[in-house]
Amino acid sequence: CTLDLDDLKSKLNDKTRLVAVGYASNSVGTINPVAEITRLAHAAGAMIYIDAVHYAPHGLIDVKTLDCDFLVCSPYKFFGPHMGALYGKRQHLQSFRPYKVRPCSDQLPDRWESGTQIHELIAGIGAAVEYLAELGRHCDANAKTRREALAAAYHSTVAHETGIIWRLIDGLKAIPGARIYGITDPQRSAERCSTLSLRIGNHHPTAIATFLGERGIFTWDGNYYALNLSERLGVESQGGMLRIGLVHYNTAEEVDRLLVALREFAKV
């Protein structure tokens, strides 16, 4: 469940205008090599558009280091309200012609934000960022700026999430019939986040999710909008997969409780 960069290279040429790629898979947890993909796109004379919606809660994003032209995410993934967020290089946002009403300003960022803003959601996004920053200040008392606090937060949460996802993977490997989709080699830990999808034998993922839900463990079944991947893996016609998503507030004890329930289900 990783991208074939050689295949990407074969598709890039002087006619390529835009390369769009996901930062991380919301289905199998793979973290894509977006820095390398950005370099390849720019070498071909193309712009790069990164969908970071699933990566945002699992890793620190640095658009300057990535040198991406555009990056989008949704704050609901990093514990805020449902809203969209777009980063774009200033020269692109200034030179592109937005589809907007005539009275809207031509200045940035207003030309891309027609109408009255949803101020309560914007305030919620600020609160979500501040929540993450406060986690960082608890982890590193020397963090002075908010950016330093965010870096400290992700340094801590990534380490915690890495620990519990591999605890889960190791436990799943011992369950008869369990198949994990995605990276399961601990030597490649940096290439995945704490999200995985699985199937257990021929059991329908909805049956597993229902079983877990009755025990107070909440997961998602189906394709989670990753339809192409579900089809390519050959599981779409079989109900897709069961997705388990872990974040910084999940605990090792919760992982163990999940594994106990899955072992119980596998015996049904």
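Start by selecting Y224, which sits in the loop between β7 and α8 (227-232). The model on screen is a predicted one.

**Stop 1**

Check the backbone of Y224. Its phi is positive, about 50°, although Y224 is not a glycine. Is Y224 buried or exposed? Y224 has a relative accessible area of 2%, so it is buried, the cut-off being under 20%.

W220 and Y224 make a tilted aromatic pair, with 5.8 Å from centre to centre and 55° between the planes. W220 is partly exposed, at a relative accessible area of 35%.

R243 lies over the face of Y224, 4.9 Å from the ring centre. Another arginine is worth a look here. Select R215 and F211: the charged end of R215 sits over the F211 ring, at 3.5 Å from its centre.

**Stop 1: the four-stranded sheet**

Select β5, β6, β8 and β7. In that order, these four strands form an open sheet with antiparallel pairing. Which strands stand at the edges? They are β5 (178-181) and β7 (220-222). Each has a single partner strand, so one side of each is left without a neighbour in the sheet. Turn the view to follow the twist, which averages 30° from one strand to the next.

Zoom in on β6 (residues 195-200) and β8 (residues 241-245). These two strands run antiparallel and are joined by four bridges. Pick out L196, which stands opposite I244 in β8.

Next, show helix α6 (residues 146-172). Helix α6 packs on the sheet and touches β5, β6 and β8. Its direction makes about 15° with that of β6.

**Stop 2**

How many aromatic pairs does a search of the whole structure find? It finds eight. Select Y49 and F70 for one of them. Their ring centres are 6.5 Å apart and their planes meet at 45°, so this pair is tilted. Y49 belongs to strand β2 (residues 47-51) and F70 to strand β3 (residues 70-73), so the pair ties together parts that are 21 residues apart in sequence.

Colour by accessibility. Y49 is partly exposed, at 31% relative accessibility. F70 is buried, with a relative accessible area of 8%.

**Stop 3: two backbone details**

Move to F79, in the loop between β3 and β4 (85-88). Phi of F79 is near 75°, a positive value in a residue other than glycine. F79 counts as partly exposed, at 28% relative accessibility.

Then select L108 and P109. The peptide bond from L108 to P109 is cis, with omega near 0°. Where does P109 lie? Look in the loop between α4 (90-95) and α5 (119-139).

**Last stop: the whole chain**

Zoom out and show everything. The chain has nine helices and eight strands. Its radius of gyration is 21 Å, close to the 18 Å that the globule rule gives for 268 residues, so the chain is as compact as a globular protein of that length. Along its principal axes, the C-alpha trace spans about 65 × 50 × 35 Å.

Colour by accessibility once more. Buried residues make up 42% of the 268 residues in the chain. Finally, display contacts between residues with a separation of 6 or more: 58% of them are accounted for by residues 24 or more positions apart.

Technical notes:
Residues are numbered from 1 along each chain as its sequence is written. This is a predicted model: local features need pLDDT of at least 70, side-chain atom pairs count only at pLDDT 80 or more; totals for chains, interfaces and linings use all residues. Side-chain values use heavy atoms; hydrogens and water are left out. Rings of Phe, Tyr and Trp (its six-membered ring) pair if their centres lie within 6.5 Å; planes under 30 degrees apart count as stacked, over 60 as edge-to-face and the rest as tilted. Buried means under 20% relative accessible area, exposed over 50%, partly exposed in between (1.4 Å probe, protein chains only). A charge sits over a ring if NZ of Lys or CZ of Arg is within 6 Å of the ring centre and within 35 degrees of the ring normal. Two strands pair if DSSP finds at least two bridges between them. Axes are lines fitted to C-alpha atoms, for helices over the stretch in contact, and angles run from 0 to 180 degrees between N-to-C directions. Contact means heavy atoms within 4.5 Å. The radius of gyration is taken over C-alpha atoms; the globule rule is 2.2 Å times the number of residues to the power 0.38.
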